[in-house]
Amino acid sequence: MDGSWTKTTCPYCGVGCGVLARLRAEGGADVKGDQEHPANFGGLCSKGSALGETLSLDDRLLHPQIEGVRTSWEEILDFVAGKFTETIRDHGPESVALYVSGQILTEDYYVANKLIKGYIGTANIDTNSRLCMASSVAGHKRAFGSDTVPGTYSDLEQADLVVLVGSNLAWCHPVLFQRLAAARRQRGTKIVVIDPRATATCEFADLHLAIAAGTDVALFCGLLAHLAATNCLDSAYIARHTVGSREAVDAASSLDLSEIAELCDLPISQIIDFYELFAETERTVSVYSQGVNQSTSGTDKVNAIINCHLASGRIGKPGMGPFSVTGQPNAMGGREVGGLANMLAAHMELGDAEHRRIVQDFWDSPRIASAQGHKAVELFDAVADGRIKALWIIATNPVDSLPEADRVRSAIDACPFVVVSDVTRHTDTTAVANVLLPAAAWGEKDGTVTNSERRVSRQRAFLEPPGEAKPDWWQICEVAKRMGYAEAFDFTRPHQIFAEYAALTGYKNEGRRDLDISAYADVSVEDYDELSPFQWPQRKGSLIAETRFFGEGGFFTVDGRGRFIPTIPRSPASQVSEAFPLVLNTGRIRDQWHTMTRTAKAPRLMTHYAEPFVEMHPDDAADRGLGAGSLVVVESPHGRVILRVSISLGVRRGNVFAPMHWTDRYASLARIDSLISALTDPISGQPESKFTPVAVRDLEAAWYGFAVSARRINVPDTVYHAMAPAKHGCRIELADLTAPDDWDAFAARLFVEEAGPEDELLTYRDVRAGRYRCARLHDGRLMAALFVSSIPLTVSRSWAVGELGRPIAQAERLRLLAGNPGADVPDPGATICSCFEVGVNQIVEAIGKQGCATVDAVGACLKAGTNCGSCRAEIARIIDGNTVSKAG
């Protein structure tokens, strides 16, 4: 690689931001937003901006391994192919399965789907995208006859009203949110947020409806009934282009306004304000995400929203429509090529005999799956009971991300043969695999991804794969060849796979299917290398700049009409009880991604929240004798975790929130999906991640500790620990139920390397108060420090981390042991802006001493909030004086 800028695409959320990357001579890469990319126009979030800091080979899987022993590619490919062939021969095609990921490329997805559905002959392939957007797929198909996203990102900029339902857009899709925020500043766009939590997104909302968890269907049924009762229906659109409106309105009218208010636990006045605003605003977009999808009634929620847009004719026109924003960079691509157990490639239906014939004929395959395979949760049920005997997991970590995660781990561990393709050597899933295949990572592989607005972009390599890492498509094709399907998988470069897939989308299509990119069926390697982002459809002989669907009908149903789906409110499948009285909601936080295998490599992304936490309402915390910084045990019928308490008025009374990211690699007991029930939506198969009854109690730790080190830390066997990288070393939070007999010995073990003759050891202990402090200096510079107390520590973490490697004068040493920076020492405080590493204390000082009275003024002074903008809500809260305490 020559060190010039490479155009590629971000590997995080479904916004699909264009990225420019360039290798540095000293290692790592420079990364910036691609100003020419139509998804982000140069913007990047905190995670995207830090991509160049995540390219280290620490813990990379570099060589193929069988049972932990390094082997050759030739041997391991023969072994995997032989095991799958043997299992199919002895137990039939339904005994094998693939579980893949929205982070692999479309080309990877395509060959995986082709192999298992067209050549092995089973539909037992599903994806972790089932966990984030399957309800949207099901809702789209019920209403539109196809999994079609009707609109584009530009609709958010052309709308007069944007309704955000179950979406913390400011944190989970920050660049798209900044496009919305810019439109709001320029044209006064109204924003309504519907979310049980007061998230960062709410800071920009004109109206926040903090509904009771799981009551979205009731709220949108009421909206549909209101539109009908106030003569706000688009009768012409309904008559020309839809069916089922009367039945849907009748079902929606089963509740009166007072009943809706009681179910949603909202003031009637707020509900009326929302209904009237929606009714009077023609240009309305409803954006929804995991808060809608991740529910046992997720599909009904999607259709309740879509019903309102069909009823008002607000779909497929500039600034109008329902809009599902996806969580992964290629969840859409996986949907397009049939990566779900109930779909065929090119948006064709597994249950449609004609579609099966089309795909089998195009592939010239010996067979085609004729029945739906196991969806994600069902797939691991089948692993658990022995129906699945050979399993290949690609680019995902189901031991941490699936509900009832402890049961999933046991199931995989007991499976006779498990292959894992990954970039990371040590995950909670690789720990229970028989075979490990080293995969090429972002920056090393070539292919395409599709974002939430149907825009296809290229991921391009600017790094050579390290060790013996290979692309996922290559691994799949090589196994397929050894299973006897060499001719069908004789691909040597990814552009060949893309061209075949593009040709399939147009094969016997004739405008009857939404997905058609046959314009690229003859793409050359040179054209593929230069491929610019494009939005589908792109039919052969007809290139279109931007497309919306359904503004003039043209649905992909049998009669070409959109379908109203009657929905009625249903109670959540789980209910709180005396034993489990609180409702747990899970989700993402701003600077982390999935199970942190990439983001945790960037120290600055670990400064916003460095340990797993649970947000609680002050009254719920007080009822349990808890305060900010307490450690608690959170339990459900399925598992338990230990988390740090963060007190927040943004959480409803009776609800708690915990992030999904931490694993056994970074914390002692924080795999949040071990708590989540495996209950799923009956249509989409998507699990309920937003409503889990739990109990919360004090850990009752005997001591609490915090340590920093410029070198590796030896993680102790304590009941609680949470590890994180730091700018010049690492940091760890600690707690246990009993105290060590010898604190000096404990500290020595913690810091791995024994103190040398040139090291200076400073210690302090107060046995009665339960305090212990230890610091190790080398040549007068701080190399490690341990702070211990019988109560949660108040030591400034950001200050302590910043002291690593710094010369410590004699006069400062007592203050160091005290954990007190002192009035004359800058302490940035807890990080607010990760992009520029700006802390809360710096922002407070800018407000007080520099007179910064607005977010923009703080940005001008400190740069905070001027890059991705996802911290602007927190800065606004600090300015308003409404700070929310947080862990870390």
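Histidine 347 sits in the loop that runs between helices α15 (331-336) and α16 (353-363); helices (H or I, at least four residues) and strands (E, at least two) are DSSP runs, numbered from the N terminus. The model is a predicted one, in which local features need pLDDT of at least 70 and side-chain atom pairs count only at pLDDT 80 or more, while totals for chains, interfaces and linings use all residues. Residues are numbered from 1 along each chain as its sequence is written, and side-chain values use heavy atoms, with hydrogens and water left out.

With a relative accessibility of 8%, histidine 347 counts as buried; buried means under 20% relative accessible area, exposed over 50%, and partly exposed in between (1.4 Å probe, protein chains only). Its side chain makes a polar contact with the side chain of aspartate 514 at 3.0 Å. Such a contact is a pair of N or O atoms within 3.5 Å; within protein, one must be able to donate a hydrogen and the other to accept it, and residues adjacent in sequence count only if both atoms are side-chain atoms. Leaving aside residues up to four places away in sequence, histidine 347 touches Asp147, Arg335, Glu336, Asp514, Leu515 and Trp536, where contact means heavy atoms within 4.5 Å.

We turn next to the nonpolar interior. A nonpolar core is a set of buried Ala, Val, Leu, Ile, Met, Phe, Trp, Tyr and Cys residues joined through side-chain atoms within 4.5 Å. The largest has 112 residues, and Ile194, Leu219, Phe220, Phe274 and Phe498 touch the most other members. Apart from this core lies another, of 98 residues, which includes Cys13, Phe177, Val634 and Cys835. Beyond residues up to four places away in sequence, the contacts of leucine 219 include Ile194, Ile260, Phe274 and Tyr275.

Charged pairs come next. The structure holds 61 salt bridges, each a side-chain nitrogen of Lys or Arg within 4 Å of a carboxyl oxygen of Asp or Glu. In one of them, the side chains of arginine 407 and aspartate 381 meet at 2.9 Å, N to O. Arginine 407 belongs to helix α19 (residues 405-414) and aspartate 381 to helix α17 (residues 376-384), so this pair ties together parts that are 26 residues apart in sequence. Arginine 407 is partly exposed at 34% relative accessibility, as is aspartate 381 at 27%.

Helix α19 also holds both arginine 409 and aspartate 406, three residues apart, about one turn of the helix. These two form a salt bridge, with the closest N and O atoms 3.5 Å apart. In another salt bridge, arginine 813 and glutamate 760 meet through their side chains at 2.6 Å, N to O. That pair links distant parts of the chain, 53 residues apart: helix α26 (residues 813-818) provides arginine 813 and strand β30 (residues 759-766) provides glutamate 760. Arginine 813 is buried at 10% relative accessibility, whereas glutamate 760 is partly exposed at 32%. Salt bridges that share partners also join Glu74, Asp78, Glu478, Lys481 and Arg482 into one network.

Finally, helix α28 (residues 855-862) has Val855, Val858 and Gly859 as its buried residues. Viewed down the helix axis, they fall within an arc of 100°, so they line one face of α28; the arc is that of the directions from the helix axis to the C-beta atoms. These buried residues pack against α27 (840-849) and α29 (872-880), while Asp856 and Ala860 are exposed on the other side. Just after α28, lysine 863 takes a positive phi of about 75°.
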